[in-house]
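Let's take a walk through a protein model together. Keep the picture in view as you read.

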Amino acid sequence: MTRASYSYRIVRDVDWGLAFSAGVHVTKLETRLEGVTFDNLDRPVRTREIASVTAPLPVLGLSGGRRLGGKWSFVARGQFFFLAVDDIEGSISHAAAFFEHETFRHVGFGFGYDWFDIDVDAKDTNWRGAADVRFQGPVIFLQASF
């Protein structure tokens, strides 16, 4: 998964701020199904189906930050996107909370917690199914700002 976004601060204060963001999530999903089917003579045949898709989807979000003193700050952000096309509905949800350290001017590091979810439902007459991909956990990162 690759994520890129741009944030525009709508509230800019010395100690805190609020920003709208827009960006793109590019996610490559791959699935594999294995099983046993039967041929015309009722003999078992091992089968495997593999499908993959690369999905670039836009996201909109909101973030806020608070300076904690010195070079430390606390930041929380959330992004969301929903799309429905024909018989397929899907959404991306992303939330994160972390601490940042501005080690050098415009360059630093951070750590925190990240939560991400992709949910897709298909209700086509030929194929019905759902995919729910979620990951969550601690994160450590480097950052640059301008």
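## Before we start

This is a predicted model, in which local features need pLDDT of at least 70 and side-chain atom pairs count only at pLDDT 80 or more, while totals for chains, interfaces and linings use all residues. Residues are numbered from 1 along each chain as its sequence is written, and side-chain values use heavy atoms, with hydrogens and water left out.

## The largest pocket

Rolling a probe the size of a water molecule over the atoms shows where empty space is left. On a 1 Å grid over the protein atoms alone, a pocket is an open set of points where a 1.4 Å probe fits, with protein on both sides within 12 Å along at least five of seven lines. The largest pocket here has a volume of about 1,600 Å³; that volume is the space filled by probe spheres set on the points, which are joined across faces, edges and corners.

Who lines it? There are 46 lining residues, each with an atom within 4 Å of a point. Nearest the centre of the pocket lie R9, R77, E100, Q143 and S145. The elements giving two or more residues to the lining are β1 (2-12), β2 (16-38), β3 (44-69), β4 (72-85), β5 (88-104), β6 (107-123) and β7 (128-144). Strands like these are DSSP runs (E, at least two residues), numbered from the N terminus. β1 gives the largest share of the lining, eight residues. Sorted by class, the lining has 18 nonpolar, 16 polar and twelve charged residues. For that sorting, Ala, Val, Leu, Ile, Met, Phe, Trp, Tyr, Cys and Pro count as nonpolar, Asp, Glu, Lys and Arg as charged, and the others, Gly among them, as polar.

## The nonpolar core

In soluble globular proteins, nonpolar side chains tend to be buried together. A nonpolar core is a set of buried Ala, Val, Leu, Ile, Met, Phe, Trp, Tyr and Cys residues joined through side-chain atoms within 4.5 Å. Buried means under 20% relative accessible area, exposed means over 50%, and partly exposed is in between (1.4 Å probe, protein chains only).

Which residues make up the largest nonpolar core? They are V59, F81, I92, F116 and I118. Take F116: leaving aside neighbours within four places in sequence, F116 is in contact (heavy atoms within 4.5 Å) with M1, R3, H25, I92, S93, H94, V133, R134 and F135.

## One salt bridge

Side chains of opposite charge can pair when their charged atoms come close. A salt bridge is a side-chain nitrogen of Lys or Arg within 4 Å of a carboxyl oxygen of Asp or Glu. Searching the whole structure turns up one. D117 pairs with R134, with their closest N and O atoms 3.3 Å apart. This pair links distant parts of the chain, as D117 is in strand β6 and R134 in strand β7, 17 residues apart. D117 is buried, at 9% relative accessible area.

D117 also shows up among the contacts of S91 in strand β5. Not counting residues up to four places away in sequence, S91 touches F80, F81, F82, D117, I118 and D119. Is S91 buried or exposed? With a relative accessibility of 14%, S91 counts as buried. From S91 to F80 is eleven residues in sequence and 7.3 Å in space, C-alpha to C-alpha.

Strand β3 holds G65 and L68. G65 is partly exposed at 27% relative accessibility, and among its contacts beyond four places in sequence are D15, W16 and G17. L68 is partly exposed too, with a relative accessible area of 48%, and touches S73, F74 and F99, again leaving out residues up to four places away. L68 and E100 sit 32 residues apart in sequence and 9.8 Å apart in space, C-alpha to C-alpha.

Now hop to the loop between β5 and β6, where you'll find H106. H106 is not a glycine, yet has a positive phi of about 70 degrees. With a relative accessible area of 32%, H106 is partly exposed.

Terms used: Helix = DSSP H or I, 4+ residues; strand = E, 2+ residues; numbered from the N terminus.
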